[in-house]
Amino acid sequence: MPSPYDILFEPVRLGPVTAPNRFYQVPHCNGFGHRMPRALAAMRGIKAEGGWGVVCTEEVEIHHSSDLSPYFEGRLWSDDDIPALALMAEAVHRHGALAGIELVYNGFDAPNLYSRTPSLAPRSMGTLGGSGYDPVQTRRMDKDDIRSLRKWHKAAALRAKRAGFDIVYCYAGHGMTVPMQFIMKRFNDRTDEYGGSLENRVRLLREIVEDTRDAVGDTCAVAVRFAVDELLGPDGITFDGEGHDVVAMLAELPDLWDVNLSNWANDSIPSRFGVEGHQEKYISFVKKLTSKPVVGVGRYTSPDSMVAAIRNGILDLIGAARPSIADPFL
């Protein structure tokens with residue numbers, strides 16, 4: 001007999017690849033990072049064994065000038081980092097799931113305590129990452145820096161492809177990455193073609209997505225992770241303001257939209273303070289603007305809530321971080 005939950009097990013086309021079902025482990029950190037690649041592979045692999053159709057990495061730094069030490073994230077600084085990440089892709093593929101990788105350049109969120117290289121950001125300012133008390137100042141990016149960042153991201157995308165990943169992320173979420181920092185007008189005071197109007201502030205994200213498509217689009221899906229609302233009202237990005245307009249500008253450019261709230265405190269609200277699907281009112285507009293699949297999160301653990309999110313035209317894939325950790329065999 002047909003089940004109302006059959007829809008959750010339908011395949012979903014993501015550009016040149018296909019997710020075997022709608023269960024999607026979004027990128028999340030776990031502390032293994034570049035130091036413990038076998039533990040990372042085992043932790044991600046068991047989710048694929050449990051049935052998750054897509055399993056993604058944590059943040060993966062693309063360059064030594066985007067170093068989040070003392071926190072341990074992934075690294076794809078050079079070809080030497082490919083074998084460690086390939087272990088995870090292989091573990092995920094072993095059980096028929098797709099492997100996604102979230103490429104990151106952290107800008108003013110990176111204190112660079114390991115590399116000791118000045119952080120690059122839309123403007124010169126104190127870094128906001130690390131302990132919050134690190135005496136580290138960012139350097140305002142000039143045109144050469146922007147060109148370099150695009151080259152670093154494209155090189156990392158090509159390495160991700162060689163490592164066996166199926167989905168490559170362009171990350172503009174949580175206020176933590178340079179593409180989003182350029183969009184945030186309170187941090188972008190530039191007067192060149194990367195500042196001022198929203199179209200200019202979105203330019204870097206557009207270029208990075210286009211570069212990534214050029215690098216891997218024939219075999220890998222390109223995803224954009226974007227925070228549509230910061231819950232700061234007119235002082236920040238809002239789902240009925242610039243968040244809406246950014247999605248409209250780039251609607252058909254990626255193969256997948258991964259949308260959420262910024263910052264971490266809003267995106268990862270504890271269960272006792274937020275109901276299941278609490279982000280739906282902020283992200284429900286996205287599918288009205290794009291024909292591409294949409295994934296989002298919201299503490300989904302009830303199959304009825306998952307089905308409702310799909311049938312109501314809010315999501316195509318059910319994203320999860322903590323539910324996938326708590327129960328890999330959900």
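1. The cysteine sulfurs come first. In this predicted model, the sulfur of C170 has its closest cysteine sulfur in C220, 12 Å away. That is too far for a bond. A disulfide needs the two sulfurs within 2.5 Å.

2. Take C220 in turn. The closest cysteine sulfur to its own is that of C170, at 12 Å. Again, the gap is too far for a bond.

3. Now the helix pair. Helix α5 covers residues 198-216, and helix α6 covers residues 242-250. They pack with their axes 11 Å apart. The angle is about 55°. The two helices are therefore oblique to each other. The crossing of α5 past α6 is right-handed.

4. Which residues of α5 and α6 meet? From α5 come L198, E199, R201, V202, L205 and R206. From α6 come E242, D245, V246, M249 and L250. By class, six residues in this contact are nonpolar and five are charged. No polar residues take part.

5. Helices α5 and α6 pack at about 55°, through a contact of nonpolar and charged residues.

Technical notes
Residues are numbered from 1 along each chain as its sequence is written. This is a predicted model: local features need pLDDT of at least 70, side-chain atom pairs count only at pLDDT 80 or more; totals for chains, interfaces and linings use all residues. Side-chain values use heavy atoms; hydrogens and water are left out. Axes are lines fitted to C-alpha atoms, for helices over the stretch in contact, and angles run from 0 to 180 degrees between N-to-C directions. Helices (H or I, at least four residues) and strands (E, at least two) are DSSP runs, numbered from the N terminus. Angles under 35 degrees count as roughly parallel, over 145 as roughly antiparallel, 65 to 115 as roughly perpendicular and the rest as oblique. A crossing is left-handed if the near helix is turned anticlockwise from the far one by less than a right angle, and right-handed if clockwise. Contact means heavy atoms within 4.5 Å. Ala, Val, Leu, Ile, Met, Phe, Trp, Tyr, Cys and Pro count as nonpolar, Asp, Glu, Lys and Arg as charged, and the others, Gly among them, as polar.
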